[in-house]
Amino acid sequence: MTYITKPKLHHPSLACNALGFTRRDYEGKISTLCAGCGHDSISASIIRACWELAIEPHRVAKLSGIGCSSKTPDYFLGQSHGFNTVHGRMPSVLTGAALANRDLIYLGVSGDGDSASIGMGQFVHAIRRGVNMTYIVENNGVYGLTKGQFSATADAGSVSKKGVANSDAPIDLVGLALQLGASYVARGFSGDKQQLVPLIKGAIAHRGAALIDVISPCVAFNNHAGSTKSYEYVREHNDAVNRLDFIAPRTEIVADYAPGETIEIEQHDGSRLRLHKLDAAYDPSDRIAAMNYVHAHQAKGEVVTGLLYVDETAQDLHAHLGTVAAPLNSLDAAALCPGAATLDKINAALR
Amino acid sequence: MKSITATNDFVVKFANVNGSGSASANEMFAKSILRMGVPVSPRNIFPSNIQGLPTWYEVRVNERGWLGRRGGVDLMVAMNPQTWDADIAEIEPGGYLFYDSTRPLPKSKFRDEVRTLGMPITDICNATYDDPRQRQLFKNIIYVGALSVLLGIEADVIETLIGEQYRSKPKLYEPNVKALHIGRDYAQRNFSAEPIGLAVRRADAVGDRIFVDGNDAAALGCVYGGATVCAWYPITPSSSLAEAFQKYCAKYRIDPDTGAHRYAIVQAEDEIASIGMVTGAGWNGARAFTTTSGPGVSLMTEFIGLAYFAEIPVTIIDVQRGGPSTGMPTRTQQADLISCAYASHGDTKHVLLFPQDPLECFEFAVQALDLADRLQTPVFVMTDLDIGMNQRLCAPFAWDDARTYDRGKVMTAAELEAGKDFGRYKDVDGDGIPWRTYPGTHADKGAYFTRGTSRDPYARYSERGPDYLYNMERLLKKFETAKTLVPQPLPHKAAQPTKLGVIHFGSTAPAMEEAIDMLECDGVHLDTLRVRAFPFADAVAEFIAAHERVFVVEQNRDAQLRSMLVNEFGIDPARLVPVLHYDGTPITARFIAGAIARHARGAHATPQPAQAANA
């Protein structure tokens, strides 16, 4: 169904961003996911975030693995190149793409099966390398496309639609990302765009490995009583640690909040993240404290959401590798080939 | 028993213990003969081990320039008690044994028809050095000194080599030269009365050739060919290729103004990630490669299928070793042909290049990067441990500064802006190769969604049969186009007309050339064809058709190239006689000539694998 083109009728009252684009310019093809799927809300948040950031859509490369979540890049940013790779291996393809051209924005979209099971190895290593990317896991705790098997993020004791209880311990991607050195770690909920849109904006502006774990209920297989990834469960157990405003560079700062209640973090590109702390004890610049907080609340059955950790001084893989400022894919033979005279010297040394 | 006499034509084998520092001394020995103008071809025979297990270094000295492994040993330098019995047994009758005589050995440990040259190396070292490490290390250079006297290698040639080796550590020059002369003095005092029959004599048979290993050469090819992204995972025998790429990039790919790197090398978490990164980089317009061996290719196969179907340039250098499984990780084979040619699920076929020596490792690495871009598909360079990890004499590398990179069919922003029709998977030129765009090219034209699933010529998702057929047949057409672009096979005519032919490829070449020479002396004449790539050019089918019987010489058990020839051309298998060598040692001329001679004389009606006693 993805070949259906959306009608491009722009309502004249649609707001334009700094580039003169409306939100419709950031849309993709019509979604083929189930009505009410959390993933579609995440796509809408990505569209909203990119529009608000006034990103040129073609400067984004969107990559995914395999699964329901991985289909979604076709449903947003129709003017961006997309790559639906193989199951669990999006992180390596994204890493290679990011090495080839450091000037594009890399958006990796994955699911809990794609990242926490088959792709766990690649997820882990892309994060620890500090690839400059926004990595969104659309986490519903089930394999939707193959009809409802548990995934590795399903909570122990969680019950499937068929009534089977999951006995395996869950993998917590947020906890892992914190431990692996991700420099921007957040958790959102597909049903809370107010929180999710600024989280995505902050991640895109961040230089380094940014992970957003988004709880995204599966309406077909995992949105019933007994599921800890249902709309109802998450709404009841959500412990939001902060609310985020994203302030783009050059945007006028309108108001100040009382100290102690807000923190401002300036990122590499000059953008600022203003955090309204809902929990006074929460400090998003302390990795160890973030890990403790997340674990403590998880133990109580609470889903901690918000910006959990950010290191505004982080460096990315290109910085680690010391690559040139120009994209590697733009270098020509003059820059890359040492030439015949050098080869003669090499030959001479091999005699 | 008469001792062997031979000048500039013999084999010396060093039996050492891994990790004892013998490698650099042995290499210096080989190079000193080269510097005297006499071709050598050395081979490392080493275990999957860092320290303690046996390792050998076999040097063939041959003024005529035969660089294949000969088989047999004329002079054994036996420095490893663990392998003593087997090493002694390997010496040709009339050959020589040089050994450390510090500990007396019973007569039963020697052979009557082998002349022994004992030197109390351990005693000499213990008397000269206090440091246990020096006692061990200088043993090696001391025996090189003694051998240089026995064989007539000039002392100043070795001194020059020592100087070159320790250019950056001048403190080590003097002690090494001293050790060299300890060895030389002993040999002059004790062996000069009765010289041995083997000798090196100055000649002019090396010319301007260079001495380099194939992994180093392929890495340099990747630098010259413009690869900017390398992702790899350590695996013998390919690791030194990635490390050589790192070494050359650090020298030749640094921005002179900023010191920044015009390359990115990532040691990935496994081969799946390395090929994934190469796929991502290729998709995004950078020249990228990975290097691996058979087990790595197995792990990569899902991605190879994606790259084939999504039409992404990928270069894979497979330094083949003995399989299956971990097989013989430090031994050579040509046994990954089928696994690479048809790698992955569904209907897939890939371009393979078969270099014969380090020079072709360099050239084919460059060409693979061009072909991958031109054809938008995975391209394999099928080298092996024998050429990859052994220094080999070959023609010098050459580069034409007017050469540019063929980046293939890439549509530019200007072309898109001018309204040029862009169908990512559309055959507009009749060669099966579509046009592509790099991500980020144009604001509202040229973007498309890459997927492993089926699509129409405009990259729109489609499960319609006709769309799928269009794609699959276009990919076949592209493979036909590849036939004309890959390195063509090289024929060599026998001295007189013959109905017998031989097909060979890759590292078999030097042994093959020598075997042909031996067979001609025996009155058996064969035309040869060295296949240099898959898909096979039509000339390969024509060669087979022009001969009554064609031997296919390979270093694997299952006659993989022969299967591919039968499969691709629909040839009657009876016409292709397999000659197979796969014990992990490099194939020898003796083996090939023996197998072919026996078969040619027997004139079998049906193809029996041509057998030869292990030479």
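Cys125(B) counts as buried, at 0% relative accessibility, where buried denotes under 20% relative accessible area, exposed over 50% and partly exposed in between, with a 1.4 Å probe and protein chains only. Cys340(B) takes part in no disulfide, the nearest cysteine sulfur, that of Cys361(B), lying 15 Å away. Cys340(B) is likewise buried, with a relative accessible area of 0%. A disulfide is taken as a pair of cysteine sulfur atoms within 2.5 Å, and over all chains the count comes to zero.

The model is a predicted one, in which local features need pLDDT of at least 70 and side-chain atom pairs count only at pLDDT 80 or more, while totals for chains, interfaces and linings use all residues. Residues are numbered from 1 along each chain as its sequence is written, chains are lettered from A and ligands numbered from 1 in the order in which they are written, and side-chain values use heavy atoms, with hydrogens and water left out.

In chain B, the domain assignment gives domain 1 (6-199), domain 2 (212-394), domain 3 (413-485) and domain 4 (490-602); such bounds come from an automatic or database domain assignment. The centres of domain 3 and domain 4 of chain B, taken over C-alpha atoms, are separated by 40 Å.

The C-alpha trace of chain B spans about 85 × 70 × 40 Å along its principal axes. Of the 615 residues of chain B, 62% are buried. The accessible surface of the chain comes to about 22,600 Å², with 51% belonging to carbon and sulfur atoms, as computed by the Shrake-Rupley method with a 1.4 Å probe. Among contacts (heavy atoms within 4.5 Å) between residues at least 6 apart in the sequence of chain B, 75% join residues at least 24 apart.

Chain B has 19 helices and 23 strands, defined as DSSP runs numbered from the N terminus (helices H or I, at least four residues; strands E, at least two). In strand β13 (residues 314-320) of chain B, seven of the seven residues are buried. Val314(B), Ile316(B), Asp318(B) and Gln320(B) cover one side of this description, and Thr315(B), Ile317(B) and Val319(B) the other, all of them buried. Strand β12 (residues 288-292) of chain B pairs with β13(B) in the parallel sense over four bridges, pairing requiring at least two DSSP bridges between two strands. Thr315(B) in β13(B) is the bridge partner of Phe289(B).
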